[in-house]
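Try each exercise yourself before you read its solution.

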Amino acid sequence: MSEPITVEIWSDIQCPWCYIGKRRFTTALERSGEQVEIVYRSFELAPDTPVDYEGSPVDYLAQRKGMPLDQVRQMMAHVTQLAAAEGLEYHLEETHQTNTVLAHELLHLAKERGRQAEMKERLMHAYFAETRHVGHVEELVALAVEVGLEEDEARAALTDHRYLPAVKADVAQAQAFGISGVPFYVFDRALGVSGAQSPEVFEQALAQARERREASAPVAP
Amino acid sequence: MSGTGATDTPVPDGAAHPGPSDSPESGVVEASAATPPGSFTPVVPAFTVLGSDAPSCGPEGC
């Protein structure tokens, strides 16, 4: 049996293209039948955002991009349609814009406990489909418990910030790679894919990563 | 929302570099140096961007 390809995925919880890319990558995995080990890496799109941002998501994007409100609403409607095509439910105008550093810290705890994939999916669904606030400790603890993490440990980790260095290390690694946008996929630290590409592009990357592995494998005597 | 990935923008030496525009491998980039997965030590492989224009989110928005 072949060794799994390591796929590191830099993304943020509040990134609508990251969730769409997640579905497209899953489609590619199902089609290819490849064995992979996925590691979710932290990328903070807006680390300066307050936990309790007081405007609407439309206000936030309009300020951030310097765009008229109507244009932002049209953009959101377009992304919502594309998300629906991937089977995702988005309520972008009702989401709670927040600082995602705590959610990233929780993802690192989940990684250590072997529940990172479940935690990532739960956080993104909570944010986009359920419009839950993913910036408060107690809300995050409730979500953590849902995927099987221990309540007291999750609360303690989010309070003493024991995983903050790991979050910042991921962010530093992204900067070192020159990653300026997410989602960003790195295969075996050798191949990369930028953005919410089509499943076909992800399939191509998986095939290339497998070829590289086989080419570098030692030949049996 | 338009693409804000590592393509089509000037990048410093050692970071992502745009590849040939006629590459058939759109969206795939390649690193020149491998690093053990899981390492927390930042490394700077010379990523070669072979071409990509997929939607993404960056610090300035999505």
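This is a predicted model: local features need pLDDT of at least 70, side-chain atom pairs count only at pLDDT 80 or more; totals for chains, interfaces and linings use all residues.

Residues are numbered from 1 along each chain as its sequence is written, chains are lettered from A and ligands numbered from 1 in the order in which they are written, and side-chain values use heavy atoms, with hydrogens and water left out.

**Exercise 1. Find the disulfides over all chains and describe each one.**

Step 1: Set the rule. A disulfide is a pair of cysteine sulfur atoms within 2.5 Å.

Step 2: Apply it. The count comes to 2 disulfides over all chains.

Step 3: Take chain A. Cys15(A) is joined to Cys18(A), with 2.4 Å from S to S. The link is right-handed, with 85 degrees about the S-S bond. Both Cys15(A) and Cys18(A) are buried, where buried means under 20% relative accessible area, exposed over 50%, and partly exposed in between (1.4 Å probe, protein chains only).

Step 4: Move to chain B. Here Cys57(B) pairs with Cys62(B), and the sulfur atoms sit 2.1 Å apart. This link is right-handed too, with 110 degrees about the S-S bond.

Step 5: Why do Cys57(B) and Cys62(B) count as buried? Cys57(B) does because its relative accessible area is 0%, and Cys62(B) because its value is 8%.

**Exercise 2. Sketch chain B from its secondary structure, contacts and surface.**

Step 1: List the elements. Chain B has 0 helices and 3 strands, running β-β-β from the N terminus on. Helices (H or I, at least four residues) and strands (E, at least two) are DSSP runs, numbered from the N terminus.

Step 2: Check the contacts (heavy atoms within 4.5 Å). Of those in chain B between residues at least 6 apart in sequence, 64% join residues at least 24 apart.

Step 3: Look at burial and surface. Of the 62 residues in chain B, 42% are buried. Its accessible surface (Shrake-Rupley method, 1.4 Å probe; for residues, only the protein chains shown count as cover) is about 3,000 Å², and 57% of that belongs to carbon and sulfur atoms.

**Exercise 3. Work out what the buried residues of H2(A) pack against.**

Step 1: Pick them out. Helix H2 of chain A covers residues 57–65, and its buried residues are Pro57(A), Val58(A), Tyr60(A), Leu61(A) and Ala62(A).

Step 2: Find the partner. These buried residues pack against helix H3 (69–85) of chain A.

Step 3: See what follows H2(A). Next comes Gly66(A), with a positive phi near 65 degrees.
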